[in-house]
Number of protein chains: 4
Amino acid sequence: MSLNTFGHLFRVTTWGESHGPALGATVDGCPPGVPVTEEAIQHWLDRRKPGQNKYTTQRREADEVEILSGVFEGLSTGTPIQLMIRNTDQRSKDYGDIAEKFRPGHADITYWQKYGIRDYRGGGRSSARETAARVAAGGVARAALAQLAPGLTITGYMVQMGPNGINRELFDAAEIERNPFWVPDAQAAEDWASYLDGLRKSGDSVGAVIEVVASGVPAGLGAPIYGKLDTDLAAAMMSINAVKGVEIGDGMAAAALTGSQNADEISMGEAGPVYGSNHAGGILGGISTGQDVVVRFAVKPTSSILTPRKTITKSGEETEIVTKGRHDPCVGIRAVPVGEAMMACVLLDHLLLHRGQVGDRGGKIG
Amino acid sequence: MSLNTFGHLFRVTTWGESHGPALGATVDGCPPGVPVTEEAIQHWLDRRKPGQNKYTTQRREADEVEILSGVFEGLSTGTPIQLMIRNTDQRSKDYGDIAEKFRPGHADITYWQKYGIRDYRGGGRSSARETAARVAAGGVARAALAQLAPGLTITGYMVQMGPNGINRELFDAAEIERNPFWVPDAQAAEDWASYLDGLRKSGDSVGAVIEVVASGVPAGLGAPIYGKLDTDLAAAMMSINAVKGVEIGDGMAAAALTGSQNADEISMGEAGPVYGSNHAGGILGGISTGQDVVVRFAVKPTSSILTPRKTITKSGEETEIVTKGRHDPCVGIRAVPVGEAMMACVLLDHLLLHRGQVGDRGGKIG
Amino acid sequence: MSLNTFGHLFRVTTWGESHGPALGATVDGCPPGVPVTEEAIQHWLDRRKPGQNKYTTQRREADEVEILSGVFEGLSTGTPIQLMIRNTDQRSKDYGDIAEKFRPGHADITYWQKYGIRDYRGGGRSSARETAARVAAGGVARAALAQLAPGLTITGYMVQMGPNGINRELFDAAEIERNPFWVPDAQAAEDWASYLDGLRKSGDSVGAVIEVVASGVPAGLGAPIYGKLDTDLAAAMMSINAVKGVEIGDGMAAAALTGSQNADEISMGEAGPVYGSNHAGGILGGISTGQDVVVRFAVKPTSSILTPRKTITKSGEETEIVTKGRHDPCVGIRAVPVGEAMMACVLLDHLLLHRGQVGDRGGKIG
Amino acid sequence: MSLNTFGHLFRVTTWGESHGPALGATVDGCPPGVPVTEEAIQHWLDRRKPGQNKYTTQRREADEVEILSGVFEGLSTGTPIQLMIRNTDQRSKDYGDIAEKFRPGHADITYWQKYGIRDYRGGGRSSARETAARVAAGGVARAALAQLAPGLTITGYMVQMGPNGINRELFDAAEIERNPFWVPDAQAAEDWASYLDGLRKSGDSVGAVIEVVASGVPAGLGAPIYGKLDTDLAAAMMSINAVKGVEIGDGMAAAALTGSQNADEISMGEAGPVYGSNHAGGILGGISTGQDVVVRFAVKPTSSILTPRKTITKSGEETEIVTKGRHDPCVGIRAVPVGEAMMACVLLDHLLLHRGQVGDRGGKIG
């Protein structure tokens with residue numbers, strides 16, 4: 001119910017604004033006995049950290065996490081884990097102009113219309129800075145998954161930047177960590193670099209599509225109807241800033257298939273059912289099949305751009321706006337670790353739910 | 001938390017199986033004083049009812065709703081409204097084969113793996129019959145919206161069947177109610193009819209894309225982060241059977257745009273802000289702008305088909321399956337009223353939430 | 001969040017009015033594979049049923065439960081279980097007077113002030129008839145507990161009627177089922193019969209205190225702070241009609257003790273810790289100790305009495321009211337099975353929660 | 001659902017341990033535009049602060065609150081408010097003994113049995129230090145109530161210490177702030193001082209009963225069944241450390257009344273209904289009447305005492321324990337501001353709920 005919380009049993013509430021003193025995540029429901037350290041969480045935060053290359057915002061934030069509760073002698077105790085990240089590089093003076101003008105494509109106008117007050121500095125609560133808190137919480141989820149579902153891995157990467165998609169035939173997972181775009185295709189990485197350089201210089205920005213894949217997910221996670229694994233994944237990804245579309249498996253393309261094309265045929269392998277394809281993205285009826293869980297989401301281009309756009313002021317006057325400040329030309333880049341974090345949180349949550357609601361009563365095959 | 005419930009203040013819990021005695025919706029949180037009648041709800045149910053033409057399942061269900069509680073002298077009292085629909089045409093004998101075999105692309109196998117027991121008759125809980133309960137609940141939501149947001153309209157229609165999209169230039173809202181596909185393009189309606197005839201005769205099925213548009217939505221509905229209006233819409237649509245993708249506004253296509261293309265410019269009209277375009281689908285930062293709220297979702301093809309597919313049995317033997325019984329060649333058709341119902345429920349919920357959390361403190365422009 | 005729902009993982013939503021067509025409970029989260037039959041639930045309903053002796057309302061209701069969903073071949077499937085009880089003996093004509101006048105001590109006035117509409121027939125939603133739905137849901141909870149916590153027993157009984165308490169030295173559990181008051185003291189049963197006869201004849205009513213004890217509760221159920229086992233028990237009991245006080249263990253009397261009197265000393269038995277006393281009522285820090293869980297609650301006297309009381313009408317005129325109709329002289333009697341049902345629901349819920357959140361990581365002693 | 005959260009629309013999640021770096025409250029759902037300052041919250045924290053006189057623990061904590069989010073230029077923005085209090089006086093060395101031994105009457109043993117790990121320093125999460133976070137959150141709730149329900153006041157006080165009750169005939173609200181016990185009876189304050197001195201010297205502790213009264217509560221707050229105002233108040237009070245009983249209005253004593261004694265007769269005053277008495281404690285059917293809302297709760301004596309008690313160790317050996325360290329001889333004293341804070345949070349929550357679910361549809365009288 002809390003509108004800043006997600007999850008059922010593993011619940012994450014994020015708090016904080018772009019230019020306030022700090023932001024963070026209140027993580028409730030982590031099982032006891034999980035190793036939770038600042039170092040481990042920092043590892044994930046560092047992957048999302050701004051200012052690491054010329055393709056992300058030049059804001060310099062250490063993004064150092066402090067664990068304030070819920071951990072004793074390096075292990076979670078079962079009580080709420082408070083993760084705090086101090087803001088250190090708030091240059092509020094950059095943002096004076098947007099106190100009065102609404103940036104087109106940005107939440108400025110709707111926050112104002114909804115609340116009648118808004119922290120306009122750096123986008124306040126609607127800033128992508130909030131996603132640092134999600135990544136920190138995702139670090140806790142990963143630590144718990146490492147214990148409860150050993151072998152489960154989560155990998156995110158970009159599959160499209162602007163109109164440019166990857167070549168699936170050149171897919172190389174090892175490439176993902178080697179380029180600033182988390183793209184599993186060396187040729188695309190090179191092409192995108194020059195494409196984005198051009199955009200950045202022209203003061204424009206561009207959208208992206210991110211894919212997140214979880215392997216080693218046990219069959220049986222999820223639940224019918226409103227607690228479907230894909231329902232929760234769709235909500236989790238759509239909750240990320242600037243996301244406008246979410247797909248499971250074949251996604252929107254499933255509409256174009258016939259039933260005979262779409263049905264993933266089943267045969268029997270040594271360890272259980274084996275599927276001839278994965279149009280379903282690892283989920284049937286809202287419940288995991290044991291195949292890879294595959295989610296994609298589209299991030300729209302950053303709305304804070306140097307190109308002048310028509311807009312209005314709080315008092316209703318028509319004007320133009322150019323957003324200076326330090327912005328990501330492709331905010332989709334930093335959405336990759338965020339998508340991974342959301343996947344980790346949702347999977348852990350459903351793993352705990354399944355354990356609570358069903359225990360070991362699942363059906364065996366063969 | 002309840003996994004068969006959605007909504008925050010307007011909460012709908014659906015219950016019931018395809019071949020049980022009845023199914024329904026427990027609707028909690030309808031404001032008092034709303035006219036709620038069986039006739040009004042029946043109107044919406046009749047639009048979804050199976051067996052109305054040769055393109056939907058030939059199962060004949062009256063789908064008659066009974067109001068069991070929460071209404072006094074024709075008005076809601078503020079207490080839970082129980083809506084029950086008796087099942088009348090359960091031919092369980094048709095389903096003997098699937099007690100042992102899992103249909104590829106269907107929830108048969110995952111329900112078994114999760115629960116160790118499943119009501120295989122007609123798909124049990126995973127049957128699209130569950131959506132009748134949603135449509136009934138949506139009827140209540142529409143009645144409340146008619147009072148609380150007069151002028152708000154919700155319209156769903158198909159924009160793609162299999163690989164065939166509509167021609168947006170021929171868009172004619174009046175066409176929607178004139179053809180069995182709810183398609184706003186007379187030419188497409190004709191083409192799709194012969195296309196689907198062919199598929200149906202070959203024992204195959206096909207997917208679809210549905211678009212749902214809400215006009216007259218007040219600005220300011222929604223909430224930041226995990227209670228975003230688009231987050232809840234994505235979850236609502238993804239929770240519908242067979243949905244594999246959800247889009248808001250430009251959706252996945254937003255990835256291909258630049259920031260200058262994507263930003264909907266704002267000018268000042270007589271009644272407030274006016275937007276030059278609606279790439280955002282009426283939602284910025286999770287909060288409604290006052291523009292049309294536009295959602296699309298893709299429905300995969302029905303997995304119950306006459307084409308033989310390879311599969312396994314509960315005991316792990318490899319086999320083939322052909323699904324007889326009465327199935328929709330394009331289940332997307334009946335998803336149109338369902339998508340409308342979900343839109344109604346989500347909008348009412350956020351309207352109540354906004355009233356509770358913010359009241360009249362929203363900001364004025366001009 | 002839903003205001004007609006309780007529970008975290010085992011969630012019960014009740015619906016229905018005293019004089020509507022039916023009432024019931026939507027039970028979500030029952031584990032799969034639990035034997036759930038109408039006969040078993042009926043057993044518990046029959047204990048609460050009105051009209052069984054001269055000390056409860058003479059309304060004659062069969063209180064027959066129908067299972068509409070969630071059960072297949074006698075076993076729960078993990079999907080929502082809908083339990084419906086038809087109302088059959090609604091004599092609405094008895095209630096004409098209270099459409100305009102508010103009964104002192106009754107919810108008539110507050111429902112009106114809150115909602116601006118109320119189903120005044122028989123108290124509508126505020127009638128004790130709602131508790132039938134709780135007892136039905138409790139029957140499901142008991143069936144699940146029988147599997148998941150064999151040996152756990154739940155026993156409710158009256159310990160006080162009006163000013164008359166039981167003699168704890170004469171406590172005899174076998175007496176509970178032998179008298180109409182569920183009182184474990186044969187002498188009290190006799191005394192109370194004549195006391196209540198007198199009250200009934202004078203047109204008055206009286207309050208009561210009920211105690212519910214659960215034995216065989218595993219140590220470790222509950223959770224810190226807002227999910228404490230005692231917090232949820234207090235809410236569960238306070239939600240029962242007419243309850244004005246709830247106690248755990250020594251309850252209000254704990255205030256009068258010193259720390260050295262109150263601390264239940266611990267020694268080591270063969271099967272684990274053994275306590276020298278049970279002032280705590282089986283709960284420390286919100287978590288069960290393994291001792292008996294002991295809850296008491298006070299039920300105020302029925303407000304529908306034949307004694308004339310001063311009141312006002314909807315239009316604000318001062319008047320008097322005498323409530324005819326069929327009412328319990330001591331509604332506390334029928335609260336005994338209701339208290340047991342709530343205990344069963346809360347314990348099952350916390351058992352599932354513990355399994356989900358902690359699993360087998362609990363600490364051993366010795 | 002989150003077990004460290006309470007509230008529906010105004011939601012408070014507390015976090016932190018007695019001897020960790022900090023503790024706090026994540027407050028979600030405060031309406032926008034409410035003045036929220038560290039000074040105002042500090043005012044309430046100072047009332048609860050330990051070490052202010054010889055009757056509370058000698059631990060010296062500044063209990064200084066930092067607002068980390070959700071407030072802009074002194075006003076709430078509608079986004080989560082993070083309130084952090086650093087721990088400064090953690091003398092962990094005092095607590096070595098209880099790492100192995102379980103204090104009778106304390107959560108030591110149940111936390112261990114539940115989680116298999118516990119932060120034993122100062123009681124960790126089960127310490128009464130957690131209540132500082134509640135008081136801070138209550139400060140936010142009071143600020144919102146001051147705007148939304150002007151004239152609403154909340155007053156808590158002790159009515160019993162150990163076996164000694166106050167004399168209601170000497171009740172003087174002005175006395176409450178004049179003595180260290182928050183007791184509205186000057187004579188009792190004097191007597192209790194010497195009584196508690198004696199106990200403290202003997203190394204023992206004692207329980208207490210606290211009463212909290214809210215005046216000026218609008219009629220119509222609350223909701224039927226599981227969202228009753230009294231249900232939520234009972235849960236809120238029972239969630240406070242060491243509370244064993246909760247009463248609304250006449251509470252447990254209501255059991256001894258007859259219906260004619262208990263029914264608060266209604267007449268018509270200038271501003272609406274007027275009641276001849278308040279046995280109901282301002283709540284009928286779970287909904288406020290407009291009378292004073294009256295809640296009482298019993299706090300058991302502190303279990304950390306100097307008197308030796310029999311207990312066992314983690315390895316199951318029988319032993320004795322004496323708890324040194326700095327403890328409250330009557331923890332009920334500091335529970336007064338905590339009870340007030342819980343009342344404030346629950347009332348604000350229900351005020352927002354009512355506004356969202358019902359709006360202005362409530363019924364008028366006269």
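These legends describe close-up views of a predicted model.

**View 1. Chain C meets chain D.**
The contact joins 113 residues of chain C to 113 residues of chain D. Together the two chains bury about 8,900 Å². Carbon and sulfur atoms make up 62% of that area. On the chain C side, C:Lys114, C:Tyr226 and C:Lys244 lose the most area to chain D. These three residues together account for 10% of what the chain C side buries.

**View 2**
Chain C and chain D share 2 salt bridges. One of them joins the side chains of D:Glu265 and C:Arg309, with an N to O distance of 3.7 Å. Helix α2 of chain C, residues 108–115, gives the most to the chain C side that touches chain D. Its contribution is 7 residues. By residue class, the chain C side that touches chain D holds 54 nonpolar, 41 polar and 18 charged residues.

**View 3. Strand β11 of chain C beside strand β11 of chain D.**
Strand β11 covers residues 243–248 in chain C and residues 243–248 in chain D. The two strands pair in the antiparallel sense. Their pairing runs over 3 bridges. Which residue of β11(D) is the bridge partner of C:Val246? The partner is D:Val246.

**View 4. Chain B meets chain C.**
Here 41 residues of chain B are in contact with 41 residues of chain C. The buried area between chain B and chain C is about 3,200 Å², with 63% of it on carbon and sulfur atoms. B:Leu68, B:Phe72 and B:Ile117 supply 19% of the area that chain B buries against chain C.

Chain B and chain C are linked by 2 salt bridges. In one of these, the side chains of B:Arg86 and C:Glu66 meet at 3.6 Å, N to O. Polar contacts across the interface of chain B and chain C involve 9 residue pairs, both residues at pLDDT 80 or more. Several strands of chain B each supply at least two residues of the side that touches chain C: β2 (11–16), β3 (22–28), β4 (65–67), β6 (75–76) and β7 (81–86). The largest share comes from β2(B), with 5 residues. The chain B side that touches chain C divides into 16 nonpolar, 15 polar and 10 charged residues.

A:Arg142 lies in helix α3 of chain A, which covers residues 130–148. Is A:Arg142 buried or exposed? A:Arg142 counts as buried because its relative accessibility is 16%, and the cut-off is under 20%. Leaving aside residues up to four places away in sequence, A:Arg142 touches A:Trp44, A:Arg47, A:Ile154, A:Glu340 and A:Ala344.

B:Gly366 sits in the segment after α7 (332–357) of chain B. B:Gly366 is exposed, because its relative accessible area is 68% and the cut-off is over 50%. Its contacts, not counting residues up to four places away in sequence, are A:Lys314, A:Ser315, A:Gly316 and B:Met268. B:Gly366 and B:Pro273 are 93 residues apart along the chain. Their C-alpha atoms are separated by 9.1 Å.

Definitions and conventions
Residues are numbered from 1 along each chain as its sequence is written. Chains are lettered from A and ligands numbered from 1 in the order in which they are written. This is a predicted model: local features need pLDDT of at least 70, side-chain atom pairs count only at pLDDT 80 or more; totals for chains, interfaces and linings use all residues. Side-chain values use heavy atoms; hydrogens and water are left out. Contact means heavy atoms within 4.5 Å. Buried area is the accessible area (1.4 Å probe) that two parts lose on being put together, summed over both. A salt bridge is a side-chain nitrogen of Lys or Arg within 4 Å of a carboxyl oxygen of Asp or Glu. Helices (H or I, at least four residues) and strands (E, at least two) are DSSP runs, numbered from the N terminus. Ala, Val, Leu, Ile, Met, Phe, Trp, Tyr, Cys and Pro count as nonpolar, Asp, Glu, Lys and Arg as charged, and the others, Gly among them, as polar. Two strands pair if DSSP finds at least two bridges between them. Buried means under 20% relative accessible area, exposed over 50%, partly exposed in between (1.4 Å probe, protein chains only). A polar contact is a pair of N or O atoms within 3.5 Å; within protein, one must be able to donate a hydrogen and the other to accept it, and residues adjacent in sequence count only if both atoms are side-chain atoms.
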